[in-house]
Amino acid sequence: MRVWYFSEMAYHPAWEEGLRRGSLRVVLPNSNYDPQIGHQLLNRYLDEFALCDEVGLDIMVNEHHSTSTCLTISVPMALAIIARETKRARLLSLGTPIANRPDPVRVAEEMAWLDVLSGGRLEMGLVKGAPYEIAPANSNPGNLMRRYWEAHDLILKAMSTTDGPFSWEGEFFHYRNVNIWPRPLQQPTPPVWMTGLSVETGRMAAERGHVVGTLLSLSAAGRARKQA
Amino acid sequence: MRSTACFSRLVLVDPLGVKFSGRDERDITDMHALSRAEYLKLAWADPAKGEVDFTTLPDSELAGIVRSREAFALYGWKPYMHNPRLKRWLHRIDRPTLLLWGAEDRIGTPAYGENWRRAIPNARLELIAGAGHFPHWEQPGAFVDKLAAFVDGNR
């Protein structure tokens, strides 16, 4: 069994005000964020991740946007620091919200770079993105899943292709020359993780040999049982 | 809008689709950011008239509503409910044009309707009292009267 330490690097000082206004996310103005306190918190959280490595824990990082619950706005930025400050821990990105990212090849580059930097310790989560972050990302919700799968396929192809460049002319993404440098250390790609609550997502992840991250909540379990 | 040859007159009812304001402002209320109750308050003069009891609808009709909502997002998400290239064509509408507008429409307000009127050379804006974004549903009588007067008569 592996144990992963996960922190969203929350800005808890704003929670009381957020709860009073009815939301910790998206619509809570950032006047409720004190950058000086944020400076201390960010460094404290990164120190905690470094400590995990010393005591034998693996590390998980995620990202959210416009929210007091999670100050990690970029998985690659956080993991780049953590990769340099750790030696043994597996580094799980769970993950990059690729249905909200305009440039999947950039995601592939960043993930490959992290894998090389960390000596092949990256676990690569490709997630959809939280529904309430559709608005901050302003990505179209009408075709989110089709866009997710196209980005997913393109990222994995970009990471695993060694005789490029190749071209990509899909429904959502278009590239003339895809030929990423660096390519990942783990071949053909780092282990891929997905998140989901539906049986369908679980099935599609399993067909591809991915790891599924899910929330063991009672309601989700009930839904899954009904669908099964 | 390259040619109006097929038209004799034009009637537009609470239209969206054109942006008049600057990049820091929004002409059209963000319907996707509203709860159902908030939406009804802005889209109807009398929100009660817009209520739909979804629990009584057959699945086929519910599926239609959901698919329409999906299409609405698909085509109107970004840019939000407008085509940036449309405004510059409006001056070419050379037919008598009636803009019918719900006086209490807060999805696209009468002030937004006034921008439409100014952009179309031969246009008139008429407000329908007691109506929001859907005057043909909320005040069908007044709506038909104004429509008929414009289509049948000389303006």
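Colleague: What radius of gyration does chain A have, against that of a compact globule with 228 residues?

Modeller: The radius is taken over C-alpha atoms, and the globule rule is 2.2 Å times the number of residues to the power 0.38. For 228 residues, a compact globule would come near 17 Å, and chain A agrees with this at 18 Å.

Colleague: How are residues and chains labelled, and what pLDDT do local features need?

Modeller: Residues are numbered from 1 along each chain as its sequence is written, while chains are lettered from A and ligands numbered from 1 in the order in which they are written. This is a predicted model, in which totals for chains, interfaces and linings use all residues, side-chain atom pairs count only at pLDDT 80 or more, and local features need a pLDDT of at least 70.

Colleague: How much of chain A counts as buried?

Modeller: The C-alpha trace of chain A spans about 55 × 40 × 35 Å along its principal axes. A residue is buried if 20 or more other C-beta atoms, placed from the backbone, lie within 10 Å of its own, exposed if there are 12 or fewer, and partly exposed in between. Of the 228 residues of chain A, the buried share is 33%.

Colleague: What is the strand order of the open sheet in chain A?

Modeller: Chain A contains 8 helices and 8 strands, which are DSSP runs numbered from the N terminus (H or I, at least four residues, for helices; E, at least two, for strands). Two strands pair if DSSP finds at least two bridges between them. The open sheet of chain A has 6 strands with parallel pairing, in the order β1-β2-β3-β4-β7-β8.

Colleague: Which strands lie at the edges of this sheet, and how much does the sheet twist on average?

Modeller: In chain A, β1 (4–6) and β8 (211–213) each pair on one side only and are the edge strands. From one strand to the next, the twist averages 25°.

Colleague: At what angle to β3(A) does α3(A) run?

Modeller: Within the sheet, β4(A) and β7(A) run parallel and are joined by 2 bridges. G125(A) stands opposite W193(A) in β7(A). Axes are lines fitted to C-alpha atoms, for helices over the stretch in contact, and angles between N-to-C directions run from 0 to 180 degrees. The helix α3(A) packs on the sheet, touching β2 and β3 of chain A, and its direction makes with that of β3(A) an angle of about 165°.

Colleague: Is V105(A) buried or exposed?

Modeller: V105(A) is found in helix α4 of chain A. Leaving aside neighbours within four places in sequence, V105(A) is in contact (C-beta atoms, placed from the backbone, within 7 Å) with L154(A), A158(A), Y175(A), V178(A) and I180(A). Because V105(A) has 21 C-beta neighbours inside 10 Å, it counts as buried.

Colleague: Which residues does V211(A) touch beyond four places in sequence?

Modeller: V211(A) lies in strand β8 of chain A. With 16 C-beta neighbours inside 10 Å, V211(A) counts as partly exposed. Not counting residues up to four places away in sequence, V211(A) touches P191(A) and W193(A).

Colleague: What radius of gyration does chain B have?

Modeller: Chain B has 6 helices and 3 strands, which follow the pattern β-α-α-α-β-α-β-α-α along the sequence. For 155 residues the globule rule gives 15 Å, and the radius of chain B is close to that, so chain B is as compact as a globular protein of that length, at 17 Å.

Colleague: How many residues on the side of chain B that touches chain A are charged?

Modeller: The contact takes 6 residues from chain A and 6 residues from chain B. On the chain B side, 4 are nonpolar, none is polar, and the charged ones number 2. In this classification Ala, Val, Leu, Ile, Met, Phe, Trp, Tyr, Cys and Pro count as nonpolar, the others, Gly among them, as polar, and as charged Asp, Glu, Lys and Arg.

Conventions
Contact = placed C-beta atoms within 7 Å.
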